[in-house]
Amino acid sequence: MKLIRMGPKGQERPGLWQPDGIVDLREHFAEIPDIDPSFFEQGWLERLAGLRVPGREFKIRWGAPIARPSKIICLGKNYVEHAKEGGFEAPTRPLIFCKTPNTLNGPFDPVLLPRSSGQVDWEVELAAVIGKGGKRIAEEEAMAHVAGFTVMNDVSGRQAQFADSQWFRGKSFDTFAPMGPALVTLDEIGDPHDLRLKAALNGRIMQDGHTRDLIFRLPTLIANISEDITLCPGDVISTGTPAGVGIFRHPPIVVQEGDEVECWVEKIGSIRNRFVSHIDDKV
Ligand code: ZN
C-alpha cells in the first residue's frame, strides 16, 4: 500500500495512492483516523491490507504521509562517502539527532528559508516510519516494528548547524522536513537496503546514492535507538544522506530563493519543494 494524507494543511485525511488514482479512505471508513499514532495503534495497517477499491483522480494538496510523530530521529554520517566529503571519520556507532515536529512539511509544499541561518542545504534520505512501538527491540525483531518508508529531505541550515556546535536549531527550522509522497508499506519495499536515492537541484543531479551503502542498517538502528529511547507508533527514523550535499562541494552550493529541490527514492517516488523566503499563512 501507498498511504497518503490529502487536503488542506491541518485538515488532511487519509488516502491510498494506487496505479488507477487516489482512494479517499474516509469514503469507505467514516471512522478512520488521520495517519497518526492512533492509526497504527488501532490496527488500520492490517485492516486496510486487503482493501480492493477503485481509485480516481483528485486535484488536491498532498500532506506529509505521517501526522504528529512523537519524534523525527535522524542519522548523521551514515554513508561512508558522505562522512568523507565532510572530512570526517565514519562513526563507530550510530550518531543520532532529532528534528522537531514543526519541521514536518508536505511533499510538494514550499520550504521556508530561515531568517537566522544561511547556507541552506538538501539531504535526500530514506525514512522509516514505526508502526509498532517498543523498547529494547532486538535486531531480529526490528523490521516487524516498521510500518513502511517514505522520502525525506533533511533540509539543513548549515550556518546555524556549524555556528552552534550542535545541530538542534539548524535542523529544526519550520518546514525543514518535507516528506512523502507516500508512506509505502514494508511489503511493497522488500529490502530497504536495496534502493537507489537521488537529489536534484533545479533539475541537476546532486546526490545519487544507494541504501546498500548505509553504514548502520535499520535493524541495528532500531535496536540501538530503542535501547534507552522508547519508539512510538508514527515515529520517523531517517537513515542519513549519501554524498553530494551542497556545503561540501568546491565551491559550496547553497539553496537560493526560488530554487527547487527534488528528492527521489526507488519504489517510493519523488518529493519536490521550492525554497521561498515567505509563505502565506493562509495557504
Ligand atoms: Zn540528514
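## Close-up views of a predicted model

**View 1. Helix α7 is mostly covered.** In helix α7 (residues 218-226), 8 of the 9 residues are buried, where buried means under 20% relative accessible area, with a 1.4 Å probe and protein chains only. These buried residues are L218, P219, L221, I222, A223, N224, I225 and S226. Their cover includes β5 (72-76), β6 (95-99), β10 (124-130), β11 (146-153) and β16 (236-238). Helices (H or I, at least four residues) and strands (E, at least two) are DSSP runs, numbered from the N terminus. This is a predicted model, in which local features need pLDDT of at least 70 and side-chain atom pairs count only at pLDDT 80 or more, while totals for chains, interfaces and linings use all residues. Residues are numbered from 1 along each chain as its sequence is written, and side-chain values use heavy atoms, with hydrogens and water left out.

View 2. The protein chain is divided into domain 1 (2-63) and domain 2 (72-276), with bounds from an automatic or database domain assignment. Their centres, taken over C-alpha atoms, are 24 Å apart. Here 12 residues of domain 1 are in contact with 20 residues of domain 2; contact means heavy atoms within 4.5 Å.

**View 3. The largest pocket draws on both domains.** Its lining takes at least three residues from each of domain 1 (2-63) and domain 2 (72-276). A pocket is an open set of points on a 1 Å grid over the protein atoms alone, with protein on both sides within 12 Å along at least five of seven lines, and lining residues have an atom within 4 Å of a point. The largest pocket holds about 310 Å³ of space. Of the 18 residues lining this pocket, K9, G10, E12, L104 and N105 are the closest to its centre.

**View 4. Five strands form an open sheet.** Look for the order β8-β18-β17-β14-β15, with mixed pairing in this open sheet of 5 strands. The edge strands, each pairing on one side only, are β8 (111-112) and β15 (204-210). Two strands pair if DSSP finds at least two bridges between them. Strand β18 (residues 269-276) pairs with β8 in the parallel sense over 2 bridges, and V111 has F275 of β18 as its bridge partner.

**View 5. S172 sits in a loop.** This loop lies between α5 (168-171) and β13 (177-185). S172 is buried, with a relative accessible area of 7%. Leaving aside residues up to four places away in sequence, S172 touches C98, K99, T100, N102 and T103.

Definitions and conventions
1 Å grid on protein atoms, 1.4 Å probe; cavity = no way out; pocket = protein on both sides within 12 Å on 5 of 7 lines; lining within 4 Å. Points joined across faces, edges and corners; volume = space filled by probe spheres on them. Buried < 20%, exposed > 50% of the residue type's maximum accessible area, 1.4 Å probe, protein only.
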